[in-house]
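Please brief me on this model. Keep it short and group the points by topic.

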Amino acid sequence: MAEKLGVYICSGCDIGKSLDVDSLLDTVKKGKLASICPVVKKSAVLCSPDAVTEIEADIKEAGLDGVVLCACSPRVKWDIFQFGATQVERVNLREQCVWSFREDPKVPGLLPLMAQDYVKMGVMKLSKSRIPAPEVPETNKTILVLGGGFTGLTAALEAAKLGKDVVLVEQAATLGGKAATMYKTFPMSHPYLKAEDTGIDQLIADATSNAKIKVLTSANLVSLEGAPGLYTATVNAGGEQQFAIGAVVLATGWVPGDKGFLAPMGYGSIKNVVTAAEFEAMAKAGSIVRPSDGQAPASVAFLTDVSLCTKGSTAGTADVCAPVDPLPEKAAEGEPEVSAYPDKESAKHLAYSSELTSLVALKQAGYVREKLGQSVAFVLYDHMMVPGINERYYKAAQDDAGIMLSKASITAVTEDADGGVIVAAKDTLLGADIEIKADLVVLPTAIVPVTAHEPTMNLVYRQGPGFPDLELFDGFVDSNYICFPYETRRTGVYAAGCVRQPMTLAGAKEDAAGAVLKAVQCIGSANRGVAVHPRSGDISFPVFNFQRCTQCKRCTEECPFGALDDDEKGTPKPNPTRCRRCGTCMGACPERVISFDNYNIDQIGSMIKEVYVPDDMVAGGPRVIVLVCENDAYPALDMAAFRGKSWSPFVRFVPVRCLGSVNAIWVADAVSKGVDGVIMLGCKYGPDYQCHFVKGSELCSRRKTNIAESLGRLGVEAERVEQYEVSIDEYDKVPAIIERFMTEVITKFGPNPFKGY
Amino acid sequence: MSNNSILVVGGGFAGITAALEAAEMGHEVYIVETNPYLGGRVAQLNQYFPKLCPPSCGLEIQFQRIKNNPKVKHHTMCEVVSVAGGPGAFDVKIKQRPRFVTPNCTMCGECEKAASTSVKSEFEFGLVDRKVAYSTHLFAFPQRYVIDGAACAPGELEAIKAACPYDAVNVDDAESTFDLSVGSIIWATGWKPYDMAKLDNLGGGKLANVVSNMQFERLAAPNGPTGGQILRPTDGKAPKRIAFLQCAGSRDENHLNYCSYICCMASLKHVTYIREKLPEAQVVIYYIDLRAPGRYDNFLQKVAADDKLTLVKGKVAKIVECECKSPILTVEDAVTGIKGEERFDMVVLATGMQPSCAGAKLPMDLPVDDDGFIVGGAELGVFAAGCAKLPLDVMKTAQTGTGAALKAIQNVVGR
C-alpha cells in the first residue's frame, strides 16, 4: 500500500482559471485521507522543469511512496511524470473536468464538486495500490518448431542463429513438407521474373547438420503441458520423449483441399482434369502426361476461376458475420468434457487460395513451355490475383508467346469424345463467349491449414487442446489484429506459414522470422516476470485468495487466453506466463478472490465510493458512473475534450484495464450508494472485435445482462446499467452517447430508488 | 564486441513495430522519423481494411508500449545524413530540423492563434491550409506543436513566442546534428503516394474533383478537413456519383511496373465509407483485376453485394471536366468492348505506392531496384522492412517489421 502520498494540483491549461485550486487542496488536507498525504501542493505549471524538480525533492525529503498528480490526462506528459520506484497516479482534471465541463442550468456550480470527486478518487486509488513483485520463474529456452517444411526449417534455423536450441518435430518420415514436392517456386527475390528452385534441399541440409537443432521425423506432438517458458512437450517418435520447452513456432502448414469441391469443374469425372498439386508432382517427377493415355499434352489449360465450385459459399459472408460461439456450458459435475473438433474446411478455401492459384498457374504454364517444347498453355482467370511485386512475374508470362492468358468466367468443363477437355467460358477478353479445347486441364489446389482438421497443438489446457475461435479464420491460426499479426489467444505459440494464411515461400520465410522473434521474446518476458502484448512489460499479475474460492469455474472458463487450469475440485490453477493481465478473471469472480496489487476490486470500489451522491436528485442532480476502457474509450474521451466537446456534469469516469475486468460488485455498490446509472464504455465486439483482450467487452456485455436482471429483482430498473461500444476514433460520437443515456434513462426513470438509504 | 543497439530509420508502422519488437527483446532502439510525429502513412488513414477499424487504435497500443519502455528512444524531424562503420559498429550521423517548440508545450493552441501565415497542409494532402504553428493531427505523437520556421513571415516567430503561455517556443532553435552508435540498422522509410500530377490524361492534380485515394481517406476521416464528410472539393456538396480508377499509375510500364498491393482493397473499403455516409450514392470501380488475396475475398464479396456499386473491368483513357467541374470519363469496357463517356460528380484515382526513397540518394550505399525498393542489405547489417522493401498492406508490414527485428538482433548477438 502506498502510505505516504504527495498530492499536486496543477493550475495550468485552464485548470486554475476554472477552479479554486486552494479549496481543492483543502479537500485533501481536511479530508479523511489527510493523514497519508503529508505533501499537498499546487503548482502554476506542474509539468514545468521547476515543478518536477520540486516533486523529486519532496519524494526524497518526505519519503513519499506515491504521488497523485492532478493535471492533464495520463496519456500526455508521461515522460515528464516518471519518478522511478515512486508510484504515480494521474488525475485527469484538464480533459475530464475543465475542458469538457458543461454547466447545467438547473444545478449550477458543479465543477468544484466534480474536481473534488476526481481528486479524492485519485488519492484513494493510489492508496490502495502496491508495487507488484512478480515471481520470476527460471524458464526453458528451447524453441519447439512444429512442422519440418519450408517454414518450419526456416524457423528452426533462424532460432538457432539467435543461439537458441530447437526441437523440430515433423510428422512425415522426411523433412521438406510441401516445398519438397515442388519442381520450382515462383520468384522469391529481385527481380521477380523467373520461377526458381525452392532451396528446400539446402534448408534440410542446414537444419540436419546444425548442432542446435534436434530433428525428429515420423514424430508427432502428443501433448504440450504447462505454460510459456515452462512447457513440457511430449513427442512420439517411435517412443515417447519429453522436452522442456520455452515457446512454440507452429508451422505445420497445409493440406490440399478436398478435391470433391472441384467436381463442378469436372474433377473426378473427366480423366484429363487434374489438380495443380497433381500437375506439380508430374513436373517434379519429370514428365507431364495426360492421365488418359500417358501422352504429352499439346495444350494445357489452367483454370483459376473457381466460381463454379464456390457458388453459394463465397457469397455466404453470413458465415463470417455469424456470432461467435457462446461460452462453453458449464460441464456437469464429474462429467468428462469431450471436445470434438469441428472440421473447418469448405469450398471457400479455394477462393482464399486465389493468390497462390494465380501464381501457380503462371508457374505451371511456364513448365509447359519449358518441358513440352511446342505445347501451348492457356491461363483462364477471373482476376489475375498477383498483388504486389509479383506483377512483374505476371508480365514476364504475358511476354511468352506460348502462354495465352485471358480473363474468363468458366461456365462448363466437359469431356470430348477424343479425350480432350472442352472449357466453356464467358466474359472473356476475346470478344465473345468461347470454348477452348485442351488436352489437359489443371484446376487449383486449395490451401487448407492442418488446423482446419485437427487441433494440432494438443495443449493440456482447461479450455481444450487447440486454438479457440478458429472458425473466425476458417481454420487458419491467424490473428484478428491487423496491427499485431502474431497475437492469438494462446500466449507462447506463434504460427507462421500456410497454417496462418495462404502465402508464398517468400512470405513464409519472412513469417518464420517474425514468429521466431515472438517466441523468443515471450520466453524472455516470462523470464522477467512481465506480460507480453498488449500490456508488454507489465509486472502485475492476478493473485488468488484460494481460501474463499467456491470452485465456480467462471474464471477458468472466461479467461480469453486460457491462462487458468483447474484441479479436480475446480480450484483455478494460475499460469502467469500465459496471462495477459487484462483482469477478465477478476471481473468474472463472484467471490472477489482475484486481485492485482495495483488494480483490484477494493481499489476501484473505493474510488466509486468517493463520488459524492446528493440525496436529492432534483437539487443536486443525478450521478452516473462511467467505467471506461483505458485503451480506446478513454483516449476517445480525451480527444473529445480536446476538440471542445462537453457532456453532462453528472458523470464520473473510472478507467478500467478492459471491460472484461469489470466486476458486478462495482455496479452493485454504486447502485446501493444511490448512483443513478452505470455506463460501460468499451471496444467493439463480435467477429471484427477491436477488444485488445479479445473477449473482454463481449464478456462484460453478458455480465451486464445478468447484473441488470439482478437489479430488476431489487426494484431498480435494468436500463440503469448500459454498455456502449466506442471506437477510439468515435470522439465526436461519445458525448452524444452519454447525453442519450442521461435523457433516456436518468430523466425517464428519475432518481435511483435506493438513494438516501 | 558488437554494439547491441539498433537504429530504426522511419517511424511508420513497420519502423514502430520493428523497434518495439526489438526493444521488448531487451535491445536499445532509436527511431528516427522525418515527420514531426510517429505513425507514418497509417496515421493518415481513416480505417483499415477489412475490419474497418481505426488505425489510431493500434497506434495507441504502440505508443503505450513506447511510453512504458525506456529502451525505445524516438527522434522526430530527423534524417540520416551518413552511415560509417559496418555491421556491429555503425556510426550514424543524424540531422534534426528545428521544431521551435519545446517539451513545455501543453497543446493549448495559443501559438496557432497567434500565427498569421498559412500554407498547404502536407498531412491533409493539400486539401486545406494549416498555420505555420500547427499540430498535424488529433492523435499526433509526440503531442506537441510544430512551428514551420521557414514559412514564418518576418517577426511572426517572435509573435508566436509572445503568445505562448508556457514558454514553450524557442526562437533560437536551429538545425542540429547528433551521432548514434548502433550495431544494426532497420530501414523502414515506407512509401509515398504516386504523384497524381504524372497522370496527365486523368487530370491528376489539375481537375479539382479528381482526388487521390489518400485524399479520399482524409475526406472520410473524422479528424480530417471536412470532419469526415465526403464532399466535392469544388463546391462542398455531397457527390451522388463517384468513380474509382484502379491502377492509377500502377501496373503500367510508363509509371510503376508493379501492383501496389493495397489499392483494390482500399477502394472497396472506400465504398463502405460512401455507403455509411452517402447511402444513395452510385459508385463505379474501373479495374483491370480486383485483387483481394487470401481471406480478403470475404470483404470483396461483401462489398460487391452492394447494389449501388458497379464493377467494370475496363480502362479509363481520359478525364476532362464539364462546366460544372464534374469529371467526364472516356471509358472502354474490356469485356464488352464498348467505348463511351461517363459523367461523375467526383473521381478517386487509386494511386499506387512508391518507396519514399524513390529518386532520392540514400545516405548509404544500399542495393535498390529501379523503382527504389531496397532489395538487399543484410550482408551490410541493414535490414529493410515494410514498404521500403515491397508494396505491402499493414498486416504484412507488421510481419516484415517483426522479421526485420529478428534479423537485426541476430546481426548483433554473438558477433
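Helix 5 of chain B, residues 213-220, is mostly covered, with eight of its eight residues buried. A residue counts as buried if 20 or more other C-beta atoms lie within 10 Å of its own, as exposed if 12 or fewer do, and as partly exposed in between, with C-beta atoms placed from the backbone. This is a predicted model, in which local features need pLDDT of at least 70, side-chain atom pairs count only at pLDDT 80 or more, and totals for chains, interfaces and linings use all residues. Residues are numbered from 1 along each chain as its sequence is written, while chains are lettered from A and ligands numbered from 1 in the order in which they are written.

- The buried residues of helix 5 of chain B are Asn213(B), Met214(B), Gln215(B), Phe216(B), Glu217(B), Arg218(B), Leu219(B) and Ala220(B).
- They pack against strand 12 (191-193), strand 13 (210-212), helix 6 (263-277) and strand 19 (346-351) of chain B.
- Helices (H or I, at least four residues) and strands (E, at least two) are DSSP runs, numbered from the N terminus.
- Thr234(B) sits in the loop between helix 5 and strand 14 (241-248) of chain B.
- Thr234(B) is partly exposed, because 15 other C-beta atoms lie within 10 Å.
- Leaving aside neighbours within four places in sequence, Thr234(B) contacts Ala208(B), Asn209(B) and Lys325(B). Contact requires C-beta atoms, placed from the backbone, to lie within 7 Å.
- Thr234(B) and Ser326(B) are 92 residues apart in sequence, and their C-alpha atoms are 9.2 Å apart in space.

**Where the chains meet**

- The contact takes 67 residues from chain A and 63 residues from chain B.
- Helix 14 of chain A supplies the largest share of the chain A side, ten residues.
- By class, the side of chain A that touches chain B has 32 nonpolar, 20 polar and 15 charged residues. Ala, Val, Leu, Ile, Met, Phe, Trp, Tyr, Cys and Pro count as nonpolar, Asp, Glu, Lys and Arg as charged, and the others, Gly among them, as polar.
- Gly294(B) lies in the loop between strand 15 (282-287) and helix 7 (297-304) of chain B.
- Gly294(B) counts as buried because it has 21 C-beta neighbours inside 10 Å.
- Not counting residues up to four places away in sequence, Gly294(B) touches Tyr352(A), Glu355(A), Gln501(A) and Pro502(A).

**A helix pair in chain A**

- The axes of helix 6 (residues 150-161) and helix 14 (residues 505-528) of chain A come within 8 Å and cross at roughly 45°. Axes are lines fitted to C-alpha atoms, for helices over the stretch in contact, and angles run from 0 to 180 degrees between N-to-C directions.
- Helix 6 and helix 14 of chain A are therefore oblique to each other. Angles under 35 degrees count as roughly parallel, over 145 as roughly antiparallel, 65 to 115 as roughly perpendicular and the rest as oblique.
- Residues of helix 6 of chain A that meet helix 14 of chain A include Phe150(A), Thr151(A) and Thr154(A). Among their partners in helix 14 of chain A are Leu505(A), Ala508(A) and Lys509(A).
- By class, this contact of helix 6 with helix 14 of chain A has ten nonpolar, two polar and three charged residues.

**Chain A overall and its domains**

- Chain A has 22 helices and 30 strands.
- The C-alpha trace of chain A spans about 100 × 60 × 60 Å along its principal axes.
- Of the 757 residues of chain A, 57% count as buried.
- Chain A is divided into domain 1 (1-131), domain 2 (143-256 + 448-528), domain 3 (259-306 + 354-442), domain 4 (543-594) and domain 5 (599-757). Domain bounds come from an automatic or database domain assignment.
- The C-alpha centres of domain 1 and domain 5 of chain A lie 23 Å apart.
- Their contact takes 20 residues from domain 1 of chain A and 22 residues from domain 5 of chain A.
- Helix 4 (93-99) and helix 5 (111-127) of chain A are the elements that give two or more residues to the domain 1 side.
- Helix 5 of chain A gives the most to that side, with seven residues.

**Domains of chain B**

- Chain B is divided into domain 1 (6-97 + 175-190 + 356-412), domain 2 (110-163) and domain 3 (195-352).
- The C-alpha centres of domain 1 and domain 2 of chain B are separated by 26 Å.
- Their contact takes ten residues from domain 1 of chain B and eight residues from domain 2 of chain B.

Methods: Two residues are in contact if their C-beta atoms, placed from the backbone, lie within 7 Å.
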